[in-house]
Amino acid sequence: MGQVSNNLAKVRSILPEGVGLTAVSKFQSLASLQEAYAAGQRRFGESRADELEAKAAAMPDDVEWHFIGHLQSNKVRRVVKFASVIESIDSERLLRLVSAEAERISKVVDVYLQVHVAAEETKSGFLPDELIECARRCVGLNGVRVRGVMGMASNTDDERRVDADFAAIADVGRRLREVIGDADVLSMGMSGDWPVAVRHGATLVRIGSAIFGDRC
Ligand SMILES: *Cc1c(COP(=O)(O)O)cnc(C)c1O
């Protein structure tokens, strides 16, 4: 077995039943993605439009592509075309753009609203109250299905902070479900912190380096 399929098997063996896995393949070689695919992985996460486009063209059609990076408005067209899910909707303007583009090509794209709870100012996303307000205003959009919340914890060794961040993301998820009953996805947890996220109810984790190694 190669390193990627080895790592994948290890993650799967400890990931609880019912928690989904997005293999974050951004900046990884096509060969690595193919190895993960051969090991049964179908859900991959990419953070750049050009890379998503190239990899979607090269990989089999049954891959479910999740876009997880900051999405600029001039890239919406390309990402809507290839993504099954856009996890990183961080503004109402972007949500409306994505919906309009999806409608234009007769598609409905699943989206998660990204919430910002982490300490780093550089991370994007709605503040919790803004996210709920946006969901209320956007219930009638035809090109998108709001399916849940995506979030990241602070990048810190302070376990209490990471714990509090995941609790806050989970709380936003609960509030979102009061607005949209079937928005039940809680996408949180990365290589360094996913077991904590799972304890807080993550339904989907996004794991990159623990599967593929360091990014090139
Ligand atoms: C890169 C990235 C990940 C994966 O990070 P790892 O630490 O490599 O597991 C998860 N989520 C988002 C939004 C990312 O940008």
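Which residues surround the ligand? In this predicted model, where local features need pLDDT of at least 70 and side-chain atom pairs count only at pLDDT 80 or more, totals for chains, interfaces and linings use all residues. Residues are numbered from 1 along each chain as its sequence is written, and side-chain values use heavy atoms, with hydrogens and water left out.

The ligand is surrounded by Val24, Lys26, Ile68, Met152, Met190, Ser191, Arg206, Ile207, Gly208, Ser209 and Arg215, a residue being counted if one of its heavy atoms lies within 4 Å of the ligand. By class, this shell comprises five nonpolar, three polar and three charged residues, where Ala, Val, Leu, Ile, Met, Phe, Trp, Tyr, Cys and Pro count as nonpolar, Asp, Glu, Lys and Arg as charged, and the others, Gly among them, as polar.

A polar side-chain atom of Ser191 lies 2.5 Å from an oxygen atom of the ligand, and a polar side-chain atom of Arg206 lies 2.8 Å from a ligand nitrogen atom, whereas Ser209 places a polar backbone atom 2.8 Å from an oxygen atom of the ligand.

Gly20 is found in strand S1, residues 20–24 (strands are DSSP runs of E, at least two residues, numbered from the N terminus). Gly20 is buried, with a relative accessible area of 17%, buried meaning under 20% with a 1.4 Å probe and protein chains only. The C-alpha atoms of Gly20 and Ala202 are separated by 8.8 Å, although these residues are 182 residues apart along the chain.

Definitions and conventions:
Polar contact = N/O pair within 3.5 Å; in protein donor to acceptor, adjacent residues only side chain to side chain. Helix = DSSP H or I, 4+ residues; strand = E, 2+ residues; numbered from the N terminus. Buried < 20%, exposed > 50% of the residue type's maximum accessible area, 1.4 Å probe, protein only.
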